[in-house]
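Here are a few friendly notes to read alongside the structure. Take them one at a time, and find each residue as you go.

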Amino acid sequence: MKTICLLFVGVLAWHGASLRGADNWVRYTAQPGGGKVKVEGTSTVHDWSVESKLIGGFVEFDPGFSFDNARPGKVNARVAVLIPVRQLKSDKTKMDTVMYDAMKEKDHRRIDYRLTEMTLKETPKSPEGPFLFDSTGELVVAGVTNKISMPVTMTRVDDDKLKFSGSTSVKMTSFGIQPPTLVGILSTGDDVKLTFEWLTVRKELPAK
Amino acid sequence: MNSNETAELNRRDFLKGGSFATLMTVLGGVELIGRSPAHAADVETLVPFQVKCGVIGLGTWGREIIATLSRLKTAQVAAICDTYPASVKRARNSAPTAKDFDDYRKMLEDKEVQAVIVATPTHQHREIAIAALQAGKHVYCEAPLANNIEDARAIALAGKAANKQVFQAGLQMRADSQRRFLLDFIRAGASGKAVMAHAQWHKKQSWRMTSPNPDRERELNWRLSKDTSLGLVGEIGIHQIDAMSWFLNGRPTSVTGFGSIMQWKDGRDVADTVEAVFEYPGGARLTFESTLANSFDADYEILYGTDAAIMMRGNKAWMFKEVDSPLLGWEVYARKDQFYKETGIALIANATKLTNLTEKATDEASYTTKPLYYALESFLTNVNAVGSAVEDFTANFGTGDKSALEKYLSEVKLQPTANYQEGFEATVLAIKASEAVAKGSKLALPKEWFELA
């Protein structure tokens, strides 16, 4: 049975050492300038958002995966993504400072994600069309791991690139983060929305 | 945000007074008169990062820099350096845990030191600043950058080439958010059309320092010799003249200078009383006066406009409106200070709040609101932004793709400060003004002289 690999990017965790996979898995690696992640939230005064263009990590496909003959169903893939917290910035430095403190950035410098399961829902209607997936994975923020599910879109770019995008909502408190409050001024809302776009490029894995 | 929430916000800060100031700070606003710590919100107590700094040159200004850094929680003075042991000992009082060096090269070898502040006599900047940049350190180089154009150009070009590092020129007013607030105010037309400007720096003092050691005494008195010093107009006036050029939005096209030794006839060849007139493209002229023979009225800058004159003293400013200028509205309730027959409207955020009416016009600025404080604070913030961007980028993508790193760095938002270009231009102006003063003549300033490349 053909297995289909699906990669998607959201927030991924780096799992380098443990990913001693089978030979011939095809790896797509993060490229500088190819990523954008946005975290949007609310407060009693105004909405806020922080962004970063630095997303590191990679996506790997099972060698059996074929883009042209993909079929809906479970997919074999590995995804590891990492986002340095201090690169997430708004245009207000003081708000960023409060955020890094709430996320305990000094001890937990990265947001990590690792994929646990992927399912292809829809194949593309045209060669440049999107693959639609459902994904489940582990998101690690401020040292706390939570399972998150997220729909992801993947499109092929040129011969060797894959672009991923998706979004999900999480609660700060589920990661042990107290929504920051500036006493007497504003308090932030618990719900935040994560949105990402990620371009990865195929690299040949060295022979094992 | 719906209109109910806006109304909530306005009512809440009207009642709470001080917290609005904090909100303004948090949302990027600025105050001209520093607030006491009692008004600060919790956000002020967070220490987001720390930069390990080294200070090279521990004279009066070097020690002032160390004292200011010790009040910045994002700074850690990790190293101090001077060729003169007594200076090191004296500086150590403000930086008890710093490593001390007598050779700046040894300090540059220390991997712990991330940023270096060069506060030596002007003619020694070049060698040290360039070596520091080549050693991979972030550099804050005091102004004027050098006492001759060739050295100034070398330093500025080195700063430009070091694009993975921060290079900031010591024109502290350019980094002062309070001055930026004034700049917007003036550019918005609050003073009308600028017709004239004036700046002065008066302080009765000799500048001569003594030392039991004759070699050391010669070194200490670098300001009194025309071979090493740019005099009052170049070493001191550079800040005020550059600030006025900034406000007048142009570079002078000529400078006429006069200078003489009126009081301190002790063998020096640098004037102790100077005047300089700068012509600007719009037609306005700036007159600069400075003397070591009289202290009246210390230092200030005034911009004379058709609607109002704006006077700036350190971190305080006042607006003196003309009788026929349009009413802005808020000035009716603003705090006012009397200067003989003139009524100055204090230009501070929340000028109409009751709390401000009790502050005195002559209250001394504390360390935490002087331009040097803001300049160093911005320097450290930029060092952290650039340094962490380089670190995180290379950790993820390696060092192979240099142009990708450059692109990433070009998008990092930095605090506004004086960069290599502004530092170079101000230094050229200081050098030429000093020449004009020494000759007692007019010098044209073609714009090619201010071009770096």
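1. A nonpolar core is a set of buried Ala, Val, Leu, Ile, Met, Phe, Trp, Tyr and Cys residues joined through C-beta atoms within 7 Å. Keep in mind that this model is predicted. The largest nonpolar core has 103 residues, and the members that touch the most others are B:Val55, B:Val77, B:Ile80 and B:Val118. Helix H15 of chain B (residues 420–439) supplies the largest share, 10 residues. Domain 2 (51–174 + 370–422) and domain 3 (176–364) of chain B both contribute residues, so this core lies between them.

2. Now look at B:Val118. Leaving aside neighbours within four places in sequence, its contacts include B:Ile56, B:His125, B:Val139 and B:Glu142.

3. Is A:Phe133 buried or exposed? A:Phe133 is buried, because 24 other C-beta atoms lie within 10 Å, and 20 or more count as buried. A:Phe133 belongs to strand E7 of chain A (residues 131–141).

4. Next, trace the open sheet of 10 strands in chain B, ordered E14-E15-E13-E12-E11-E7-E10-E9-E8-E16 with mixed pairing. Strands E14 (336–339) and E16 (442–444) of chain B are at the edges with a single partner strand each, so one side of each has no neighbour in the sheet. From one strand to the next, the twist averages 20°.

5. Finally, zoom in on one pair: strands E8 (residues 254–260) and E9 (residues 273–279) of chain B run antiparallel, joined by 7 bridges. B:Phe258 has B:Glu275 in E9(B) as its bridge partner.

Definitions and conventions. Residues are numbered from 1 along each chain as its sequence is written. Chains are lettered from A and ligands numbered from 1 in the order in which they are written. This is a predicted model: local features need pLDDT of at least 70, side-chain atom pairs count only at pLDDT 80 or more; totals for chains, interfaces and linings use all residues. A residue is buried if 20 or more other C-beta atoms lie within 10 Å of its own, exposed if 12 or fewer, and partly exposed in between; C-beta atoms are placed from the backbone. Helices (H or I, at least four residues) and strands (E, at least two) are DSSP runs, numbered from the N terminus. Domain bounds come from an automatic or database domain assignment. Two residues are in contact if their C-beta atoms, placed from the backbone, lie within 7 Å. Two strands pair if DSSP finds at least two bridges between them. Axes are lines fitted to C-alpha atoms, for helices over the stretch in contact, and angles run from 0 to 180 degrees between N-to-C directions.
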